[in-house]
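Thanks for asking me to look this one over.

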Amino acid sequence: MTTITTPKKAVAVNPLKLSQPFGAALAFLGLKGTVPLFHGSQGCTAFAKTLLVRHFREAIPLSTTAMNEVSTVLGGEDNIETAIAVLLEKSKPAMISLLTTGLTETRGEDMVGILKSIRKRRPEWDNIPIIYVSTPDYKGAMQDGFAAAVESIVATDYGTNPEIYTNNVLVTPPAGYSALPCPPSSHTHPQVTILASPMLAPGDVEEIKEMVEAFGLKPLMIPDLAGSLDGHLEDDFHSVTTGGATVEQLRQMHCSIYTLAIGESMRTAAEILKARFGIQYELFPRLAGLKAIDSFLWRLAQIVNSRHDPHVEIPPQVPDKYKRQRRQLQDAILDTHFYFGRKRVALGLEPDLLYQTSWLLHEMGVEIHAAVTPTKSPLLKDLPIESVTIGDLEDLEMMADGADLLITNSHGDALAKKLGIPLYRMGYPIYDRLGNGHRRHVGYRGTMQFLFDVGNMLLDYEVANAHH
């Protein structure tokens with residue numbers, strides 16, 4: 001069992017973590033026609049917007065209630081109502097996501113009470129879902145905010161006069177729940193809900209959707225970052241998200257025959273769907289590496305098989321293209337393992353991504369030299385290393401001496417140069433590399449690309465050291 005250590009420092013010297021509102025905003029960017037609305041000062045929104053724009057190199061729709069000194073003291077109800085009114089008038093969103101920040105959480109705003117009061121005054125807004133999430137900056141990290149947002153998304157009623165639910169509450173649909181009827185195609189192409197952890201970039205989400213569709217299943221991806229942040233040009237400018245899961249799709253969550261949760265942080269959201277609609281789920285803590293992908297594809301095959309006549313025995317079938325991709329990955333493992341064996345790698349990543357990456361490297365013969373993560377997770381007890389630190393990049397610097405490779409976000413660039421080792425950029429933000437909306441690290445192809453990219457870096461480092 002891995003030991004989890006937390007340094008007793010008074011401050012983060014070189015921060016690794018991103019805030020909960022950042023993570024929640026990222027999740028809501030995977031819903032079509034929405035604008036994440038930060039309830040706080042303008043600076044809270046500007047920070048998240050800057051990082052997201054630099055990472056994806058896309059226009060990112062974020063808004064703010066623009067709290068000032070007076071409204072912070074007297075309360076922000078008027079600011080929330082005004083901000084929603086302006087958004088509905090100018091941007092015409094299909095839904096609004098409302099996120100708190102450290103400022104309003106510290107004040108102790110009664111958000112549920114405020115929203116009920118606004119709804120009472122504004123019956124004309126009855127058909128606009130307003131999804132509220134509690135995301136204080138001062139605790140947790142990006143992954144916590146992202147998970148809280150997904151939990152609120154799957155717990156919300158998208159019918160007439162949508163109900164408001166607080167975080168992590170298992171709910172049952174209210175009497176007036178207005179679900180859309182399941183489409184006729186649900187018989188020939190059954191719907192499967194995929195809950196996507198923040199470790200999955202838009203390219204990863206696209207890869208998973210392709211895998212599910214290859215089995216004749218219809219994926220309902222929550223959130224669907226591939227639809228909105230995959231880097232595509234629109235004909236016109238839009239002040240809301242242009243892709244992702246739609247309100248209509250969210251109103252058909254009950255039509256899914258199974259839930260596949262990717263990443264430990266999606267467990268609670270899967271439990272909420274089970275409590276609301278009785279949909280069974282399976283959680284996959286990672287989707288990189290031969291064994292992990294095999295088990296995911298096998299589950300998809302079993303889901304398809306369960307739809308056939310129970311009296312006719314049909315062995316689960318995997319599409320031929322994945323059988324070929326599997327052989328390609330096996331060859332890639334043979335080609336690259338010479339350069340991975342006994343190498344020491346230092347990691348600074350969010351828990352879900354840390355788990356996936358560390359186990360894949362461990363399977364390749366790598367020694368995990370140091371591991372730092374910004375927030376807690378049940379996964380941290382089961383890493384291929386004796387201890388993991390909940391800390392910052394300063395902690396990583398102190399532990400990474402002697403490593404052959406550093407894997408963290410772009411903020412680790414100065415640290416890598418100081419240590420004289422290469423940096424493989426992973427996580428958020430990556431602002432000094434192109435194509436972040438298309439990178440893939442999951443599935444057979446994604447795993448293969450990761451092994452080639454990292455293998456080439458280790459090969460270059462080995463050659464450079466040999467010359468010295």
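The points below go from the overall fold to the disulfide and then to one leucine.

1. First, the ground rules. This is a predicted model, in which local features need pLDDT of at least 70 and side-chain atom pairs count only at pLDDT 80 or more, while totals for chains, interfaces and linings use all residues. Numbering starts from 1 along each chain as its sequence is written, and side-chain values use heavy atoms, with hydrogens and water left out.

2. The protein has 17 helices and 14 strands; these are DSSP runs (helices: H or I, at least four residues; strands: E, at least two), numbered from the N terminus. The C-alpha trace spans about 70 × 65 × 45 Å along the principal axes. The radius of gyration is 23 Å, which agrees with the value near 23 Å for a compact globule of 468 residues. That rule is 2.2 Å times the number of residues to the power 0.38, and the radius is taken over C-alpha atoms.

3. Of the 468 residues, 55% are buried. Here buried means under 20% relative accessible area, exposed means over 50%, and partly exposed is in between (1.4 Å probe, protein chains only). Among contacts (heavy atoms within 4.5 Å) between residues at least 6 apart in sequence, 73% join residues at least 24 apart.

4. Which cysteines form the disulfide? The structure holds one, a disulfide being a pair of cysteine sulfur atoms within 2.5 Å. Cysteine 182 and cysteine 255 form it, with their sulfur atoms 2.1 Å apart. The link is left-handed, at -100° about the S-S bond. Cysteine 182 sits in the loop between helix 7 (142-155) and strand 6 (191-196), and cysteine 255 in the loop between helix 10 (247-250) and strand 8 (258-262), so the pair ties together parts that are 73 residues apart in sequence.

5. Are these cysteines buried or exposed? Cysteine 182 is partly exposed, at 37% relative accessibility, whereas cysteine 255 is buried, at 9%. Cysteine 44 is partly exposed too, with a relative accessible area of 23%.

6. Finally, please have a look at leucine 99, in strand 4 (residues 95-100). Leucine 99 is buried, at 0% relative accessibility. Leaving aside residues up to four places away in sequence, leucine 99 touches several residues, including Pro21, Phe28, Phe38, His39 and Val133. Glycine 145 is 46 residues from leucine 99 in sequence, and their C-alpha atoms are 9.4 Å apart in space.
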